[in-house]
Amino acid sequence: MKLTIDARAALAHVEGAGLPDTSAHACEALDRAIHDLAHGGPVTMATLARRMGIPEGTLNHKVNPNNNHHFLRPSQLLQLQQAAGAVGPLRVMADELGYGLYRTGPSLYDGDPLRVLAQAVRACSDLHVQATDAYADAARDPAGLSRNAMRRVERAAEDAHEAIGHVLVALRSMMRAAPK
């Protein structure tokens, strides 16, 4: 007979707090996203390993969810996503924690604040169009909204968020200096 004792709850850092409620589904989804990024992502496993500076076999072991001896460190997970040019694992983590994930890019502010504002208004208008179309599609289809329609709305929301960020950059560049 095999006996296993789990003392982690007794060793929690806050008295009586116990372990956090970690969703097994979320961990499996994250493991799957990491594995899928390495094996089926936009870049081959060999290229990812070369960009990360580790042997391909080691990377293969690290992304294998069934391997209990090799793990990706957080810095390696970041390197993996940068090397692949995709953020699937980050998106899974954000979803699990209740956060939205939006792209940001270099500021488009070129000295013309009205042009940047017009781009933001256009992006918000595109979001409005995509969301309106999605609502109409969902109302027509008894099965509900399709994943593709949702992706279009999410992409428009990301673009609007990014454009609003550029407006903020433009406005911050016009702020007067803080008093000394």
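Contact, in these legends, means heavy atoms within 4.5 Å. The views show a predicted model, in which local features need pLDDT of at least 70 and side-chain atom pairs count only at pLDDT 80 or more, whereas totals for chains, interfaces and linings use all residues. Residues are numbered from 1 along each chain as its sequence is written, and side-chain values use heavy atoms, with hydrogens and water left out.

**View 1. The protein chain and its helices.** The secondary structure comes to seven helices and zero strands, where helices (H or I, at least four residues) and strands (E, at least two) are DSSP runs numbered from the N terminus. Of the 180 residues of the protein chain, 23% count as buried; buried means under 20% relative accessible area, exposed over 50%, and partly exposed in between, with a 1.4 Å probe and protein chains only. The protein chain exposes about 13,200 Å², of which carbon and sulfur atoms supply 57%, the areas coming from the Shrake-Rupley method with a 1.4 Å probe and, for residues, with only the protein chains shown counting as cover. Among contacts between residues at least 6 apart in sequence, 59% join residues at least 24 apart.

**View 2. Helix 1 and its buried side.** Helix 1 (residues 24-40) has 17 residues and reaches 23 Å from its first C-alpha to its last, close to the 24 Å expected at 1.5 Å a residue; the expected span is 1.5 Å times one less than the number of residues. Ala 26, Ala 29, Leu 30, Ala 33, Ile 34, Leu 37 and Ala 38 are buried in helix 1. These residues lie on the same side of helix 1 because they cover an arc of only 160 degrees around the axis, the arc being that of the directions from the helix axis to the C-beta atoms. On the other side of helix 1, Ala 24, His 25 and Gly 40 are exposed. The cover over the buried residues of helix 1 includes helix 2 (45-52), helix 3 (56-63), helix 4 (74-84) and helix 5 (88-97).

**View 3. The surroundings of Ala 38.** Ala 38 has its place in helix 1 and, at 1% relative accessibility, counts as buried. Leaving aside neighbours within four places in sequence, Ala 38 is in contact with Val 43, Met 45, Leu 48 and Val 63. The C-alpha atoms of Ala 38 and Val 63, which are 25 residues apart along the chain, are separated by 7.1 Å.

**View 4. Two nonpolar cores.** A nonpolar core is a set of buried Ala, Val, Leu, Ile, Met, Phe, Trp, Tyr and Cys residues joined through side-chain atoms within 4.5 Å. The largest such core has 18 residues, and those with the most contacts inside it are Ile 34, Leu 48, Met 52, Leu 59, Val 63, Leu 72 and Leu 80. Helix 1, helix 2, helix 3 and helix 4 each supply at least two residues of this core. Apart from it lies another core, of six residues, among them Val 116, Ala 123, Ala 160 and Val 167.

**View 5. Helix 7 and its cover.** The 27 residues of helix 7 (residues 147-173) should span 39 Å at 1.5 Å a residue, and the end C-alpha atoms are 39 Å apart, which agrees. Among the buried residues of helix 7 are Ala 149, Val 153, Glu 158, Glu 162 and His 166. What covers the buried residues of helix 7 includes helix 5 and helix 6 (113-140).
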